[in-house]
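Biologist: I am new to this protein and would like to be walked through it with care. Could we look at it together, one question at a time?

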Amino acid sequence: MTQQQTAGGDVRLTGISKTYGSFTAVHPLDLTVPQGSFFALLGASGCGKTTTLRMIAGLEEATTGTVSLGDRDITDLPPYKRPVNTVFQSYALFPHLDISENVAFGLRRRGIKSVKKQVDDMLELVQLGDFARRKPHQLSGGQQQRVAVARALINHPQVLLLDEPLGALDLKLRRQMQLELKRIQTEVGITFVHVTHDQEEAMTMADTVAVMNGGRVEQLGAPADLYENPRTTFVANFLGTSNLIEGDVVSTGDELTVAAGGGRLTLPRERCSGPTAAGGRLLLGIRPEKISLAHADEADTVAAGRNRVTGRITDSSFIGVSTQYVVESPAGKALQVYEQNVERDTRLVPGAEVVLHWNPAHTFGLDAAQDID
Ligand code: ATP
(Lines give C-alpha, C1' and ligand atoms only; values in the text may rest on other atoms or scores of the structure.)
Protein backbone atom coordinates (compact mmCIF):
# COMPACT_ATOMS: atom_id res chain seq x y z
CA MET A 1 0.00 0.00 0.00
CA THR A 2 1.25 3.46 -0.76
CA GLN A 3 -0.12 5.90 1.73
CA GLN A 4 1.15 9.27 0.51
CA GLN A 5 -0.50 11.63 2.96
CA THR A 6 -1.30 15.32 2.89
CA ALA A 7 1.91 17.31 2.75
CA GLY A 8 2.22 20.04 5.32
CA GLY A 9 5.42 21.86 4.47
CA ASP A 10 8.63 22.17 6.46
CA VAL A 11 8.58 22.22 10.25
CA ARG A 12 10.26 25.46 11.24
CA LEU A 13 11.40 26.30 14.76
CA THR A 14 12.35 29.96 15.16
CA GLY A 15 14.05 31.15 18.33
CA ILE A 16 12.36 28.36 20.24
CA SER A 17 13.53 27.92 23.83
CA LYS A 18 12.45 26.36 27.10
CA THR A 19 13.36 27.36 30.61
CA TYR A 20 12.22 25.77 33.84
CA GLY A 21 12.69 28.40 36.54
CA SER A 22 16.31 29.47 36.22
CA PHE A 23 17.31 26.35 34.26
CA THR A 24 17.48 26.53 30.47
CA ALA A 25 16.64 23.14 28.96
CA VAL A 26 16.68 24.44 25.37
CA HIS A 27 18.52 27.61 24.36
CA PRO A 28 16.96 29.71 21.57
CA LEU A 29 17.05 27.43 18.59
CA ASP A 30 16.41 27.85 14.86
CA LEU A 31 15.81 24.61 13.04
CA THR A 32 14.14 23.62 9.80
CA VAL A 33 12.98 20.06 9.26
CA PRO A 34 12.38 19.60 5.51
CA GLN A 35 9.00 18.21 4.55
CA GLY A 36 9.10 14.49 3.93
CA SER A 37 12.47 13.98 5.59
CA PHE A 38 13.48 11.57 8.31
CA PHE A 39 15.04 13.88 10.85
CA ALA A 40 16.78 12.79 14.07
CA LEU A 41 17.44 14.77 17.22
CA LEU A 42 20.46 13.02 18.70
CA GLY A 43 22.18 13.60 22.02
CA ALA A 44 22.96 12.33 25.49
CA SER A 45 20.39 12.18 28.25
CA GLY A 46 19.31 15.66 29.39
CA CYS A 47 20.47 17.56 26.28
CA GLY A 48 16.98 18.89 25.53
CA LYS A 49 15.93 16.68 22.63
CA THR A 50 12.66 15.44 24.18
CA THR A 51 11.77 18.98 25.26
CA THR A 52 12.32 20.16 21.67
CA LEU A 53 10.12 17.35 20.34
CA ARG A 54 7.42 18.10 22.89
CA MET A 55 7.40 21.76 21.84
CA ILE A 56 6.72 20.63 18.26
CA ALA A 57 3.90 18.42 19.56
CA GLY A 58 2.49 21.20 21.71
CA LEU A 59 2.89 19.04 24.81
CA GLU A 60 5.33 21.60 26.20
CA GLU A 61 4.78 25.32 25.93
CA ALA A 62 7.76 27.16 24.45
CA THR A 63 9.21 29.92 26.63
CA THR A 64 10.16 31.92 23.52
CA GLY A 65 9.91 31.44 19.79
CA THR A 66 7.53 29.99 17.27
CA VAL A 67 6.74 26.64 15.66
CA SER A 68 5.36 26.63 12.17
CA LEU A 69 4.37 24.03 9.65
CA GLY A 70 4.65 25.29 6.10
CA ASP A 71 3.38 28.85 6.27
CA ARG A 72 1.11 28.13 9.23
CA ASP A 73 2.13 29.28 12.72
CA ILE A 74 1.02 26.51 15.12
CA THR A 75 2.72 27.86 18.25
CA ASP A 76 -0.52 28.54 20.06
CA LEU A 77 -2.45 25.48 18.90
CA PRO A 78 -3.17 22.81 21.52
CA PRO A 79 -1.66 19.38 20.75
CA TYR A 80 -4.88 17.82 19.46
CA LYS A 81 -5.34 20.60 16.91
CA ARG A 82 -1.84 20.20 15.46
CA PRO A 83 -1.50 17.95 12.41
CA VAL A 84 1.12 16.05 14.37
CA ASN A 85 1.11 12.71 16.21
CA THR A 86 3.59 11.30 18.71
CA VAL A 87 4.78 7.74 19.31
CA PHE A 88 6.29 7.23 22.75
CA GLN A 89 8.71 4.66 24.12
CA SER A 90 5.93 3.19 26.27
CA TYR A 91 3.60 1.98 23.53
CA ALA A 92 0.57 3.08 25.57
CA LEU A 93 -1.74 0.59 23.83
CA PHE A 94 -5.10 -0.19 25.39
CA PRO A 95 -4.66 -3.66 26.91
CA HIS A 96 -8.33 -4.63 26.74
CA LEU A 97 -8.72 -3.72 23.04
CA ASP A 98 -7.47 -5.95 20.26
CA ILE A 99 -4.94 -4.65 17.74
CA SER A 100 -7.44 -3.49 15.12
CA GLU A 101 -9.49 -1.68 17.78
CA ASN A 102 -6.34 -0.03 19.10
CA VAL A 103 -5.48 1.18 15.60
CA ALA A 104 -9.06 2.32 14.97
CA PHE A 105 -9.23 4.27 18.22
CA GLY A 106 -8.39 7.72 16.84
CA LEU A 107 -10.90 7.40 14.01
CA ARG A 108 -13.70 6.16 16.28
CA ARG A 109 -13.08 9.01 18.70
CA ARG A 110 -13.64 11.41 15.84
CA GLY A 111 -16.97 9.68 15.17
CA ILE A 112 -15.86 7.91 12.00
CA LYS A 113 -17.87 4.68 11.67
CA SER A 114 -16.52 2.75 8.71
CA VAL A 115 -12.93 2.24 9.67
CA LYS A 116 -12.22 -1.30 8.49
CA LYS A 117 -10.50 -0.49 5.21
CA GLN A 118 -8.26 2.13 6.80
CA VAL A 119 -7.35 -0.14 9.71
CA ASP A 120 -6.59 -3.04 7.37
CA ASP A 121 -4.40 -0.77 5.24
CA MET A 122 -2.53 0.46 8.30
CA LEU A 123 -1.97 -3.05 9.65
CA GLU A 124 -0.69 -4.05 6.25
CA LEU A 125 1.66 -1.06 6.21
CA VAL A 126 3.23 -2.17 9.50
CA GLN A 127 3.06 -5.83 8.41
CA LEU A 128 0.69 -6.94 11.14
CA GLY A 129 -2.26 -7.97 8.98
CA ASP A 130 -2.41 -11.40 10.60
CA PHE A 131 -2.46 -10.04 14.13
CA ALA A 132 -5.63 -7.92 14.02
CA ARG A 133 -7.54 -9.97 16.59
CA ARG A 134 -4.75 -10.34 19.12
CA LYS A 135 -4.51 -8.35 22.32
CA PRO A 136 -1.36 -6.25 22.92
CA HIS A 137 0.06 -8.69 25.50
CA GLN A 138 0.07 -11.40 22.81
CA LEU A 139 2.58 -9.40 20.73
CA SER A 140 6.32 -8.88 21.06
CA GLY A 141 7.69 -5.47 22.01
CA GLY A 142 8.60 -4.68 18.40
CA GLN A 143 5.14 -5.68 17.19
CA GLN A 144 3.48 -3.54 19.85
CA GLN A 145 5.59 -0.59 18.78
CA ARG A 146 4.45 -1.11 15.18
CA VAL A 147 0.84 -1.03 16.41
CA ALA A 148 1.60 2.29 18.12
CA VAL A 149 3.00 3.62 14.81
CA ALA A 150 -0.09 2.42 12.91
CA ARG A 151 -2.34 3.99 15.51
CA ALA A 152 -0.57 7.33 15.09
CA LEU A 153 -0.43 7.22 11.28
CA ILE A 154 -4.14 6.42 10.83
CA ASN A 155 -4.87 10.00 11.89
CA HIS A 156 -3.03 11.19 8.77
CA PRO A 157 -0.63 13.50 10.59
CA GLN A 158 1.62 15.71 8.51
CA VAL A 159 4.43 15.04 10.96
CA LEU A 160 5.11 11.95 13.05
CA LEU A 161 7.15 12.54 16.20
CA LEU A 162 8.95 9.56 17.70
CA ASP A 163 10.27 9.88 21.24
CA GLU A 164 12.86 7.11 21.79
CA PRO A 165 10.34 4.64 20.35
CA LEU A 166 12.82 1.76 20.29
CA GLY A 167 14.33 2.37 23.71
CA ALA A 168 12.60 -0.59 25.36
CA LEU A 169 13.64 -3.13 22.73
CA ASP A 170 16.66 -5.40 22.82
CA LEU A 171 19.49 -4.60 20.46
CA LYS A 172 18.63 -7.08 17.70
CA LEU A 173 14.98 -6.00 17.60
CA ARG A 174 16.02 -2.35 17.68
CA ARG A 175 18.10 -2.88 14.55
CA GLN A 176 15.18 -4.58 12.77
CA MET A 177 12.74 -1.87 13.82
CA GLN A 178 15.09 0.89 12.64
CA LEU A 179 14.94 -0.51 9.13
CA GLU A 180 11.22 -1.10 9.45
CA LEU A 181 10.51 2.50 10.53
CA LYS A 182 12.65 3.77 7.70
CA ARG A 183 10.67 1.67 5.22
CA ILE A 184 7.38 2.95 6.65
CA GLN A 185 8.56 6.56 6.44
CA THR A 186 9.57 6.11 2.82
CA GLU A 187 6.21 4.57 2.07
CA VAL A 188 4.01 7.19 3.74
CA GLY A 189 6.26 10.08 2.69
CA ILE A 190 5.49 12.35 5.66
CA THR A 191 8.03 14.04 7.92
CA PHE A 192 9.36 11.91 10.79
CA VAL A 193 11.18 13.57 13.70
CA HIS A 194 12.89 10.93 15.79
CA VAL A 195 14.52 11.43 19.19
CA THR A 196 17.33 9.09 20.17
CA HIS A 197 20.54 8.95 22.21
CA ASP A 198 21.87 6.14 19.99
CA GLN A 199 24.19 7.49 17.30
CA GLU A 200 24.05 4.31 15.25
CA GLU A 201 20.26 4.49 15.27
CA ALA A 202 20.23 8.11 14.13
CA MET A 203 22.76 7.39 11.41
CA THR A 204 20.92 4.30 10.16
CA MET A 205 17.56 5.98 9.87
CA ALA A 206 17.82 9.69 9.35
CA ASP A 207 18.44 11.85 6.28
CA THR A 208 19.44 14.71 8.57
CA VAL A 209 20.70 14.56 12.14
CA ALA A 210 20.80 17.44 14.62
CA VAL A 211 23.38 16.65 17.32
CA MET A 212 22.30 18.33 20.56
CA ASN A 213 24.48 19.15 23.54
CA GLY A 214 23.55 21.19 26.59
CA GLY A 215 20.30 22.51 25.12
CA ARG A 216 21.86 23.59 21.82
CA VAL A 217 22.22 22.07 18.37
CA GLU A 218 25.93 21.59 18.06
CA GLN A 219 25.94 20.44 14.44
CA LEU A 220 23.38 19.54 11.83
CA GLY A 221 23.89 17.50 8.70
CA ALA A 222 23.62 14.27 6.79
CA PRO A 223 24.96 11.33 8.82
CA ALA A 224 28.02 10.79 6.61
CA ASP A 225 28.92 14.49 6.70
CA LEU A 226 28.69 14.60 10.48
CA TYR A 227 30.83 11.49 10.76
CA GLU A 228 33.45 12.59 8.26
CA ASN A 229 33.45 16.31 9.02
CA PRO A 230 32.63 16.88 12.68
CA ARG A 231 33.24 20.47 13.69
CA THR A 232 33.51 20.01 17.44
CA THR A 233 35.16 17.49 19.71
CA PHE A 234 31.74 16.67 21.14
CA VAL A 235 30.36 15.67 17.73
CA ALA A 236 33.59 13.85 16.80
CA ASN A 237 33.39 11.76 19.96
CA PHE A 238 29.62 11.30 20.08
CA LEU A 239 29.49 9.94 16.54
CA GLY A 240 31.89 7.05 16.83
CA THR A 241 35.47 6.89 17.95
CA SER A 242 38.02 9.43 16.85
CA ASN A 243 41.71 9.88 17.47
CA LEU A 244 42.52 13.50 18.25
CA ILE A 245 46.13 14.62 17.82
CA GLU A 246 47.15 18.07 19.02
CA GLY A 247 49.43 20.23 16.89
CA ASP A 248 50.33 23.68 15.52
CA VAL A 249 49.79 24.91 11.97
CA VAL A 250 53.21 25.50 10.38
CA SER A 251 52.25 26.20 6.80
CA THR A 252 49.04 27.16 5.20
CA GLY A 253 47.43 27.01 1.74
CA ASP A 254 44.91 24.60 0.20
CA GLU A 255 46.69 22.02 2.28
CA LEU A 256 47.64 22.75 5.89
CA THR A 257 50.81 21.34 7.38
CA VAL A 258 50.70 20.80 11.11
CA ALA A 259 53.55 19.96 13.50
CA ALA A 260 51.99 17.11 15.45
CA GLY A 261 52.77 13.65 16.78
CA GLY A 262 56.52 14.18 16.54
CA GLY A 263 56.41 14.96 12.81
CA ARG A 264 54.46 16.78 10.13
CA LEU A 265 50.85 15.93 9.29
CA THR A 266 48.76 17.44 6.52
CA LEU A 267 45.08 17.94 5.82
CA PRO A 268 42.95 19.74 3.26
CA ARG A 269 42.20 23.26 4.48
CA GLU A 270 38.50 22.78 3.72
CA ARG A 271 38.36 20.00 6.31
CA CYS A 272 39.54 22.30 9.08
CA SER A 273 37.03 24.13 11.28
CA GLY A 274 39.75 25.49 13.59
CA PRO A 275 42.33 28.23 13.06
CA THR A 276 44.18 27.85 9.75
CA ALA A 277 46.87 30.56 10.09
CA ALA A 278 50.42 29.59 11.01
CA GLY A 279 50.67 29.14 14.77
CA GLY A 280 47.01 28.10 15.06
CA ARG A 281 46.49 25.28 17.54
CA LEU A 282 44.49 22.35 16.17
CA LEU A 283 43.24 18.93 17.12
CA LEU A 284 43.65 16.68 14.10
CA GLY A 285 41.04 13.96 13.96
CA ILE A 286 41.27 10.62 12.25
CA ARG A 287 38.79 7.76 12.51
CA PRO A 288 40.21 4.38 13.63
CA GLU A 289 39.15 2.54 10.48
CA LYS A 290 40.96 5.05 8.26
CA ILE A 291 44.37 4.20 9.74
CA SER A 292 46.61 1.41 8.42
CA LEU A 293 49.47 -0.19 10.25
CA ALA A 294 52.88 -1.28 9.00
CA HIS A 295 55.72 -2.91 10.91
CA ALA A 296 58.35 -0.31 11.79
CA ASP A 297 60.93 -2.24 9.72
CA GLU A 298 58.64 -1.95 6.67
CA ALA A 299 58.16 1.80 7.08
CA ASP A 300 59.76 2.53 3.73
CA THR A 301 56.98 0.60 1.96
CA VAL A 302 54.40 3.20 3.03
CA ALA A 303 53.44 5.31 0.02
CA ALA A 304 54.70 8.88 -0.13
CA GLY A 305 52.21 11.60 0.73
CA ARG A 306 50.46 9.68 3.50
CA ASN A 307 50.30 11.01 7.03
CA ARG A 308 52.36 8.88 9.34
CA VAL A 309 53.27 8.59 13.00
CA THR A 310 55.25 5.96 14.85
CA GLY A 311 53.93 3.89 17.71
CA ARG A 312 53.91 0.65 19.69
CA ILE A 313 50.96 -1.74 19.99
CA THR A 314 49.75 -1.98 23.58
CA ASP A 315 46.60 -4.00 23.02
CA SER A 316 45.04 -6.05 20.25
CA SER A 317 41.59 -7.62 20.21
CA PHE A 318 39.77 -9.59 17.57
CA ILE A 319 36.07 -8.70 17.52
CA GLY A 320 34.86 -10.61 14.47
CA VAL A 321 34.40 -7.90 11.85
CA SER A 322 37.70 -6.22 12.65
CA THR A 323 40.82 -6.34 14.73
CA GLN A 324 41.07 -3.41 17.11
CA TYR A 325 44.46 -2.17 18.18
CA VAL A 326 45.46 0.34 20.83
CA VAL A 327 48.72 2.09 19.99
CA GLU A 328 50.93 4.25 22.17
CA SER A 329 52.53 6.99 20.14
CA PRO A 330 54.06 10.46 20.38
CA ALA A 331 50.74 11.52 18.81
CA GLY A 332 48.67 10.09 21.67
CA LYS A 333 48.78 7.57 24.49
CA ALA A 334 45.98 5.34 23.23
CA LEU A 335 45.32 5.73 19.53
CA GLN A 336 42.64 3.39 18.23
CA VAL A 337 43.12 1.54 14.96
CA TYR A 338 40.55 -0.82 13.39
CA GLU A 339 41.74 -3.12 10.63
CA GLN A 340 39.56 -5.48 8.66
CA ASN A 341 40.41 -8.83 7.09
CA VAL A 342 43.46 -9.37 9.26
CA GLU A 343 44.61 -12.98 9.00
CA ARG A 344 45.08 -14.61 12.38
CA ASP A 345 48.79 -15.27 11.91
CA THR A 346 49.57 -11.75 10.71
CA ARG A 347 47.83 -10.02 13.60
CA LEU A 348 50.14 -7.61 15.36
CA VAL A 349 50.86 -8.36 18.98
CA PRO A 350 51.41 -6.00 21.91
CA GLY A 351 54.95 -4.67 21.92
CA ALA A 352 55.21 -4.51 18.11
CA GLU A 353 56.77 -1.29 16.82
CA VAL A 354 54.63 0.13 14.04
CA VAL A 355 53.98 3.02 11.71
CA LEU A 356 50.43 4.32 11.57
CA HIS A 357 49.61 5.85 8.21
CA TRP A 358 46.55 7.31 6.51
CA ASN A 359 45.34 9.42 3.65
CA PRO A 360 45.58 13.13 4.62
CA ALA A 361 42.18 13.68 2.95
CA HIS A 362 40.58 11.70 5.78
CA THR A 363 41.97 14.01 8.46
CA PHE A 364 39.72 16.67 9.96
CA GLY A 365 40.88 19.70 11.94
CA LEU A 366 39.17 21.07 15.06
CA ASP A 367 39.85 24.14 17.14
CA ALA A 368 42.05 22.96 20.03
CA ALA A 369 40.73 25.79 22.20
CA GLN A 370 37.42 23.95 22.64
CA ASP A 371 36.86 21.87 25.72
CA ILE A 372 37.70 18.24 25.04
CA ASP A 373 34.75 16.07 26.07
P1 ATP B 1 16.46 11.98 27.93
O2 ATP B 1 17.08 11.23 26.82
O3 ATP B 1 16.97 11.56 29.27
O4 ATP B 1 14.95 12.05 27.86
P5 ATP B 1 16.56 14.62 26.81
O6 ATP B 1 17.72 15.02 26.00
O7 ATP B 1 15.35 14.25 26.07
O8 ATP B 1 16.97 13.50 27.82
P9 ATP B 1 14.93 16.54 28.12
O10 ATP B 1 13.92 15.55 28.61
O11 ATP B 1 14.55 17.40 26.98
O12 ATP B 1 16.28 15.83 27.80
O13 ATP B 1 15.35 17.44 29.35
C14 ATP B 1 16.28 18.50 29.20
C15 ATP B 1 16.61 19.06 30.56
O16 ATP B 1 15.46 19.71 31.08
C17 ATP B 1 17.01 18.00 31.57
O18 ATP B 1 18.08 18.50 32.34
C19 ATP B 1 15.77 17.84 32.42
O20 ATP B 1 16.10 17.48 33.73
C21 ATP B 1 15.14 19.20 32.36
N22 ATP B 1 13.69 19.15 32.48
C23 ATP B 1 12.83 18.48 31.68
N24 ATP B 1 11.55 18.64 32.09
C25 ATP B 1 11.61 19.42 33.20
C26 ATP B 1 10.62 19.96 34.09
N27 ATP B 1 9.32 19.71 33.91
N28 ATP B 1 11.05 20.71 35.12
C29 ATP B 1 12.36 20.98 35.29
N30 ATP B 1 13.34 20.51 34.49
C31 ATP B 1 12.97 19.74 33.46
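Biologist: How many nonpolar, polar and charged residues does the shell around the ligand have?

Modeller: This is a predicted model, and in it the residues around the ligand include Y20, F23, A25, C47, K49 and H197. Sorted by class, with Gly counted among the polar residues, the shell comes to 4 nonpolar, 7 polar and 1 charged.

Biologist: Which element gives the largest share of the shell around the ligand?

Modeller: Two elements give two or more residues to that shell, namely strand 2 (23-33) and helix 1 (49-57). The largest share amounts to 3 residues, and the element it comes from is helix 1.

Biologist: Turning to helix 3, why do its buried residues line one face of the helix?

Modeller: Helix 3 covers residues 116-125, and its buried residues are V119, M122, L123 and L125. An α-helix has 3.6 residues a turn, so residues three or four places apart point the same way. On the other side of helix 3, K116 and K117 are exposed. Seen down the axis, the buried residues line one face because they fall within an arc of 155°.

Biologist: Which helices do the buried residues of helix 3 pack against?

Modeller: The residues in question are V119, M122, L123 and L125, which are buried. As contacts are judged by C-beta atoms within 7 Å, the partners of these buried residues are helix 2 (99-109), helix 4 (141-153) and helix 5 (171-188).

Biologist: For the protein as a whole, what percentage of residues count as buried?

Modeller: The secondary structure comes to 8 helices and 20 strands. Of the 373 residues of the protein, the share that counts as buried is 39%.

How values were computed:
Residues numbered from 1 in each chain as written. Predicted model: local features only at pLDDT ≥ 70, side-chain atom pairs only at ≥ 80, totals over all residues. Buried ≥ 20, exposed ≤ 12 C-beta atoms within 10 Å, placed from the backbone. Helix = DSSP H or I, 4+ residues; strand = E, 2+ residues; numbered from the N terminus. Arc of directions from axis to C-beta. Contact = placed C-beta atoms within 7 Å. Near = placed C-beta within 6 Å.
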